[in-house]
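Please keep the sequence and the model in view while reading.

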Amino acid sequence: MSTRSDFGTISTLLSDALSQFAKLFQNEVDLAKAELAEKVQRVGWAVGFLAAGAVLIIPALVMALFALSAALMAAGWSPPLSYLVCAVGTAVVAGALFAVGMNRLDARNLAPRETISQLEKDKAAVKDMVR
């Protein structure tokens, strides 16, 4: 008689443990969704900054390049050389803008660290429950 009662207790405990694990897993899935949504928003902001920087820098850069070219020509430089110097300067500025944007899109910054950490803890907890 005692073994039947023990079997019922064990199955109840096992059922409770599996139910708690299912709830825990669902909570982790919800956390992952929230964290990934935050990362997607971050990517959106990074792309927005890149686009805004590209749109706003173009007219200002064109005017600045014309002014610089005119100043170089007034100082005695040949027109092709003054335009080349301005083009190289523009390439450096563009490279810096792209570097900042790419840094914000770095995969290491977008990984769901909290979810991964919590899943590791959950894995250890489930192992302890099964023992």
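Is V85 buried, partly exposed or exposed? V85 is partly exposed, with a relative accessible area of 32%; on this scale buried means under 20% relative accessible area, exposed over 50%, and partly exposed in between, computed with a 1.4 Å probe and protein chains only. The model is a predicted one, in which local features need pLDDT of at least 70 and side-chain atom pairs count only at pLDDT 80 or more, while totals for chains, interfaces and linings use all residues. Residues are numbered from 1 along each chain as its sequence is written, and side-chain values use heavy atoms, with hydrogens and water left out.

The protein chain contains four helices and zero strands, where helices (H or I, at least four residues) and strands (E, at least two) are DSSP runs numbered from the N terminus. The order of the elements from the N terminus is α-α-α-α. Of the 131 residues in the protein chain, 12% are buried. Contact is taken as heavy atoms within 4.5 Å; among contacts between residues at least 6 apart in sequence, 70% join residues at least 24 apart.

T90 is buried, its relative accessible area being 18%. The side chain of T90 reaches the backbone oxygen of C86 at 2.8 Å. Not counting residues up to four places away in sequence, T90 touches L61 and L65.

Attention now turns to helix α1. S69 lies in helix α1 and is buried, with a relative accessible area of 2%. With residues up to four places away in sequence set aside, S69 touches S82, Y83 and C86. L50 is likewise located in helix α1, but counts as partly exposed at 26% relative accessibility. Beyond its neighbours within four places in sequence, L50 is in contact with L97 and G101. The C-alpha atoms of L50 and R104 are separated by 9.9 Å, although these residues stand 54 residues apart along the chain.

Aromatic rings complete the account. A pair of aromatic rings is described by the distance of the centres and the angle of the planes. Rings of Phe, Tyr and Trp (its six-membered ring) pair if their centres lie within 6.5 Å, and planes under 30 degrees apart count as stacked, over 60 as edge-to-face and the rest as tilted. By this rule the model has two aromatic pairs. One of them, W45 and F49, is tilted, at 6.1 Å centre to centre with 35° between the planes. W45 and F49 both lie in helix α1 (residues 2-74), four residues apart, about one turn of the helix. W45 is exposed, with a relative accessible area of 55%.

How values were computed. Polar contact = N/O pair within 3.5 Å; in protein donor to acceptor, adjacent residues only side chain to side chain.
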